[in-house]
Amino acid sequence: MYRRASLQPLVPTPHLIMPRLSLPSPPEGKRTFIRKIFLFQRPPPPAPLIITSKGRSSTSTSPSKDAHDGPLDQAGVKLPVAETSDVRASIRSRNPNSSARTSEPGQGKEGLGSNGRGVDIPQSGPHTGSPSPGILNGAHDLIIQNSTFNVVYNMDKSHNPAFVESFLRNIDGGGTVLLVLDKKRVAGAEMDSSDREPPPRCHPETRKEIRETLSFWFLNPRRASNFIWLSGPAGAGKSAVAQTFAEYSHGLGRFGAAFFFSRLQNRDSPTGVIATIAYQLALRDAGYNHLITHILFNDPSILDKPMRIQFHKLIVEPFTILTAQLAASAAARQPLLIIIDGLDECSNEDAQCELIALIGEYVRLSTAPCPLLWLVCSRPEWHLKRVFAYADPPIDCRREEITCNAAEDIKDVYRILKDGLQQIRDKTCWDLSPSSSQRIQWPTESKLQRLSTKIGGLPVFASTVLRFIGDGSGTPDAQLEFCLLCLETMKEPSHVNPLETLDIFYHHIMLRVPQSIISVTKQILAFYILSSTYSTPHGDEFIQVFEAARFLQVDKDTFYFSLRSLHSVVDVPSSEIAHNTHLKFFHKSFPDFLQRTSRSGSFALDMDQARYEIAKLSVRWQNHLMQWKCKLQTCPTPASDESLRTDPRWINDAKANRWKQSMDRFQEIVEHNWCHMCTSLSGAYKFRFAEELAKFNFCHFQLTDCGSSAYCVRMSNLISWFLADPAPDGREHHDLIRLKPSSDNDITLAKKFPRPLPLFDSLPEFNNITPRKTLWFTSSHQLNRLYSSDRHEVLGAVWIGKGERTALAWFTKS
């Protein structure tokens, strides 16, 4: 059995562009020893070996005065004593019948040493397989006690000298530590990995503003922060910016390392992140390579330890030493750039937050000049926003954002589409000798504008469309026309989906929403999709987060938890600004995806069911908010709903005056929109909704309620909508609306007028309301007669509601 000699760590030669550090050079003795091992040529007859004995006298066939000074190799070359300690071993034969105690041939008696254990002596050469004289050939009746056997290598053929020199150069150049790190790094995560070919890159004319911002930060020696968090919605082009900036820094000779996470390509484990970064740094920085060679030699288990230990040992510790050495030598050094892209795609949220905290702590504690600059790109996920907001001490980080709905974003996507489509056309050109003057722009500007308008400012959407048009499954013209048809008509794709890649993209985002909360998530998303048709008191067209949550009766914790995994596609304001900020989709392609079952599958929103649930809530809220208008001390039809109480945690987020303004605004929003929410129903949902209207307190309408022409129009539209279609049982109208009194309560309401009311022979056209024709209400819940028939001509009246909930509605003409 042979043991390999243990070598001390060999250090790399510093790179020419790096300042030479005062580090020890590789031990020459070990280089000589390795060279002798590889270049040794075994002679035909083996030379006698010396056996030294401690205690009793030794037996030797060739005594020498150098026997105690150090062993000789089989060529008679004396080996350094320092190099022999690790190659000493007791010779044990693979032949179980061999013995350390010699005997006459054929006796086979067992020989015992002083410890009573048998020692096997090899009797044949391990490589040739033929009998060998052995080290004790011919000896008998010999006992060896307390002895040490110096066994030197046994090699049958020498290695090529060129191989030996290459091996030594690999060790001297830091290759040893690269081999160690290579076993732990994540293949494909680097900037120039073939696994990412072709990587996303920015078009030369796009994302100019953010690229110039990063370049100025990178080149500015007086930068305020050494850490940038670049966030943006899903598909906005963060990876393209990261790749382009990495290549830019590489061209300047200041690129350190990059790690590109990708859940789709199974690069989402946090385990090998630090090893991958260290591997790239060791390739590019000789001083760093030298230091971690010693660090990993002293403790190779570092790469199996938690991330925080790896970060400290492989990043913090070596760069702290390098910074101190450079400061002592007064040498100048530019910081290296480290990029981590797609951090949100790491499979472990705790690891994401931990990595941010580690980088933040390193930047905070680093002495100037900091040797590393950090750029982390990710979606603005809630847990990442929280770790920055709640870090103690605060993380010294500059935040930059990429948008996808600004005017410049739309122009960028237009440029991507224009050049991309032209390249597709050029690749399918059948002319083998085209001249530049014959190049025809494709497509036409009108079609390009139509396509650009539908895609907006989302680069991933543009890339998906270009990939479909240029996939070769049809002519570019046919593929383009099909895309326009799907995008402009919302046509459900049959066997071909031009947006398949985008759908997979959104599908993976929705998979992150817990199943226990997905129903609430869908309810909120559907409400905001429909909210674009709702009106607000001041015409700002948006319903704030607090207003939406209160209307849907979703408490604060549930609201934010249900959207926690969608911050990459939905801009969710924090709770402290929820009273004056609305929720919005980063790009219209996401709500389009959710509304098409063929694209979103189980994540599709049932918009008809959503309208029905919203209409039911609107009736409940309007009932609740009109209760204060009842003039009776004891209302026979109370509508105050305890379940509609506001979550007090929302109240705590607002100041007293802002809370009062929010409540007033909320009430106005309900009154402005509840009729519209009801009239949006159709088909079976409309007649199911009749049961909800039967519970509505029309009796709480007052005369002044229809004093506003806009409110009068909304109410008349609601009644007209209800009467427009026959009920499923064939009746022309529901008994909710009556042309004649059918109860004592109806008759009592008619007596509120000083003279008999004219009745309609048929239901009037309620939707034909003009400034000269007005709709009014009164009920038994009003104590006084608030109407004088002398002021207006009464055209006719109808009764609306059931039982005590009934109100009398009549038309007047000015």
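Reply: Buried means under 20% relative accessible area, exposed over 50%, and partly exposed in between (1.4 Å probe, protein chains only). This is a predicted model: local features need pLDDT of at least 70, side-chain atom pairs count only at pLDDT 80 or more, and totals for chains, interfaces and linings use all residues. Residues are numbered from 1 along each chain as its sequence is written, and side-chain values use heavy atoms, with hydrogens and water left out.

Cys404 is buried, at 2% relative accessible area. Cys675 is in no disulfide (a pair of cysteine sulfur atoms within 2.5 Å). Its nearest cysteine sulfur belongs to Cys678, 6.5 Å away. Cys675 is also buried, with a relative accessible area of 3%. Searching the whole structure turns up zero disulfides.

Now the backbone. Helices (H or I, at least four residues) and strands (E, at least two) are DSSP runs, numbered from the N terminus. The bond from Asp392 to Pro393 is cis, with omega near 5 degrees. Pro393 sits in the loop between helix 10 (382–390) and strand 7 (398–401). Trp442 and Pro443 are also joined by a cis peptide bond, with omega about -5 degrees. Pro443 lies in the loop between helix 11 (407–427) and helix 12 (445–455).

Asn266, not a glycine, has phi near 60 degrees. Its loop runs between strand 4 (255–260) and helix 6 (273–284). Asn266 is exposed, at 66% relative accessible area. Gln553 has a positive phi near 60 degrees. The loop between helix 17 (545–552) and helix 18 (556–562) holds Gln553. At 28% relative accessibility, Gln553 is partly exposed.
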